[in-house]
Amino acid sequence: MFDDFFIRALVAGIGVALVTGPLGCFVIWRRLSYFGDTLAHSALLGVTLAFTMEFNIALSVFIISSLIALTLIQLQKRTNLPGDALLGLLAHSSLAVGLVVIGFLTFIRFDIMGLLFGDILAVTVDDLLIIWIGGAIILLILKLIWKPLFASTVNYELAEAEGLNPDRAKAIFTILMAAIIAISIKMVGLLLITGMLIIPAAMARNISTSPQKMVVYSIIGGLLSVILGLFSSLEFNTSSGPSIITAAFLLFIISLFKIKQTIKLKN
Amino acid sequence: MSANQNILVKLKDAGFKINDKWLVQGVSLQVEKGKIVTLIGPNGSGKSTTAKIALGIYKKIEGAVEKFTNKVGYVPQKISIDWTLPLRVNDFMVLTENLKSETIDEALSLTGVIHLKDKNLGDLSGGEFQRVLLARAISKKPDLLVLDEPVQGVDFTGEIALYELIKKICDELDCGILLISHDLHTVMSATDHVVCLNGHVCCSGSPTDVAKNDEYKALFGEQASQILSRYEHKHDHIHTDEGKIKKN
């Protein structure tokens, strides 16, 4: 059944959406949108290195993104530059270095559009395995660190005072972010991964009253976006990433009407 | 383990500084089971800092802090919660520990906010939120409670009731309490040990001892000294501004 490229893309997309749903909620709650962007930009470097050394793309992206995340944490401790400046610095530097390296790789034919915006034709059975196994591991770890991570998201000092070790949870979460970018890069493309993380979660925020509901709606939103996006990608012959993200954005707009209703009810 | 099994947390010459400015220095104190230790002192005297040292929130400290329990309930003085989170009172109650529904209801009833259980945390008033904070801290039946101005913004009758509740909880759970308060009147009647801070420990001891201390008088004035010593008797009435007994 995985012979058809479209089925493969659909299965891959569903796997990605199941993981980006809960992770995306934390990205919104912890205000990490630009952090996600930075990791995604650095993924280009990871991809080029994978090509040069004939290494697995997902693994290479995961390693480079993790390194960038660790570098960021170190820079935050050692410099007085504000967080957003450091994020910009790392994002654009790693993107630039990645592009320069590509310039040297004249012997390899590169589908840079596919890399930036996702390419459903390129999803292989190996990619499916990486997405589903990697995704399952990410979700399992997220479940394990949920309590300390969520508590410290609400209030760091409460979590620390009551013995939940929020610093460890934060460090693990950072690695999970690098991992989700690594496994979803082929589907959504590196320019739009953060969109896949935050747009369904933002839609969910509009219609939910508790954190658990937000996670569930965010997953549902992600799944709908993937399905709608992939079918329209097939229909209109557009790149898979932009199609999925556009679908997610449409769902977000629909969710705005729900907020209006809730505000009316309150008054 | 410490020689005294009853000690929950112990600070020895503890201090904390940010950018070479000491927030507090040379604090030694200990909180034992079933005892209430109160920190008093003017604004900026390092009360909250001392509490955070005791809780282990500040890591790079001078001196030593030993914590003998991990069952801690904390009511911070300031809490900024990000309203990008859809959070109801009920979700907030189980933030650091999973609790049974009855346990949550019991704690919320004790602080008088059970009717707010399904409300969004962001929609509460300051006083209501404070009651929820206290309920959360006591619901997990901690060994050590650290309460940093737990009744701020609570109405007058509520304030008295909550202080009585705190005293009752201390007795019932046999937990130790580190309390920070500005309200000398209410606090002193229940406190076992007072530590008066002003960047360092300026004096400490039982409420009556502290009241007699000259440094304390210099810090708070003669009137405050009278408040403390007056707490030899049980206070069952309210004074008017002139000090007369108010009739209800």
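Reader: Which crossing, left-handed or right-handed, does helix 2 of chain A make with helix 4 of chain A?
Author: This is a predicted model. Helix 2 (residues 33-53) and helix 4 (residues 83-104) of chain A pack with their axes 8 Å apart. The crossing of helix 2 of chain A past helix 4 of chain A is left-handed.

Reader: How are helix 2 of chain A and helix 4 of chain A oriented to each other?
Author: The angle at which helix 2 and helix 4 of chain A pack is about 20°. Angles under 35 degrees count as roughly parallel. Helix 2 and helix 4 of chain A are therefore roughly parallel.

Reader: How many charged residues are in the contact of helix 2 of chain A with helix 4 of chain A?
Author: Helix 2 of chain A brings residues including Asp37(A), His41(A) and Leu45(A). Helix 4 of chain A meets them with residues including Asp84(A), Leu87(A) and Gly98(A). By class, the contact has 12 nonpolar and six polar residues, and the charged ones number two.

Reader: Turn to chain B. How are helix 3 of chain B and helix 4 of chain B oriented to each other?
Author: Helix 3 (residues 101-110) and helix 4 (residues 126-139) of chain B have axes 8 Å apart. Their packing angle is about 135°, and helix 3 of chain B passes helix 4 of chain B in a right-handed crossing. Roughly antiparallel would need an angle over 145 degrees. The two helices of chain B, helix 3 and helix 4, are therefore oblique.

Reader: How many nonpolar residues does the contact of helix 3 of chain B with helix 4 of chain B have?
Author: From helix 3 of chain B come Thr103(B), Ile104(B), Ala107(B), Leu108(B) and Leu110(B). They meet Ala135(B), Ile138(B) and Ser139(B) in helix 4 of chain B. By class, the contact has two polar and no charged residues, while the nonpolar count is six.

Reader: Which strands of chain B does helix 4 of chain B lie across?
Author: Helix 4 of chain B runs at about 170° to strand 5 of chain B. Strand 5 (72-75) is an edge strand of an open, mixed sheet of six strands in the order 5-6-7-3-8-9 (chain B). The twist from one strand to the next averages 10°. Helix 4 of chain B lies across strand 5 and strand 6 (144-148).

Reader: What is the bridge partner of Val9(B) in strand 2 of chain B?
Author: An open sheet of three strands in chain B has the order 2-1-4 and antiparallel pairing. Its edge strands are strand 2 (21-32) and strand 4 (62-67) of chain B. Eight bridges join strand 1 (residues 7-18) to strand 2 of chain B. The partner of Val9(B) is Val31(B).

Reader: At what angle does helix 1 of chain B run to strand 1 of chain B?
Author: Helix 1 (residues 47-55) of chain B lies across strand 1, strand 2 and strand 4 of chain B. Its angle to strand 1 of chain B is about 120°.

Reader: How many nonpolar residues are on the side of chain B that touches chain A?
Author: The contact takes 19 residues from chain B and 19 residues from chain A. On the chain B side, four are polar and three are charged, and the nonpolar residues number 12.

Definitions and conventions:
Residues are numbered from 1 along each chain as its sequence is written. Chains are lettered from A and ligands numbered from 1 in the order in which they are written. This is a predicted model: local features need pLDDT of at least 70, side-chain atom pairs count only at pLDDT 80 or more; totals for chains, interfaces and linings use all residues. Two residues are in contact if their C-beta atoms, placed from the backbone, lie within 7 Å. Ala, Val, Leu, Ile, Met, Phe, Trp, Tyr, Cys and Pro count as nonpolar, Asp, Glu, Lys and Arg as charged, and the others, Gly among them, as polar. Two strands pair if DSSP finds at least two bridges between them. Helices (H or I, at least four residues) and strands (E, at least two) are DSSP runs, numbered from the N terminus. Axes are lines fitted to C-alpha atoms, for helices over the stretch in contact, and angles run from 0 to 180 degrees between N-to-C directions. Angles under 35 degrees count as roughly parallel, over 145 as roughly antiparallel, 65 to 115 as roughly perpendicular and the rest as oblique. A crossing is left-handed if the near helix is turned anticlockwise from the far one by less than a right angle, and right-handed if clockwise.
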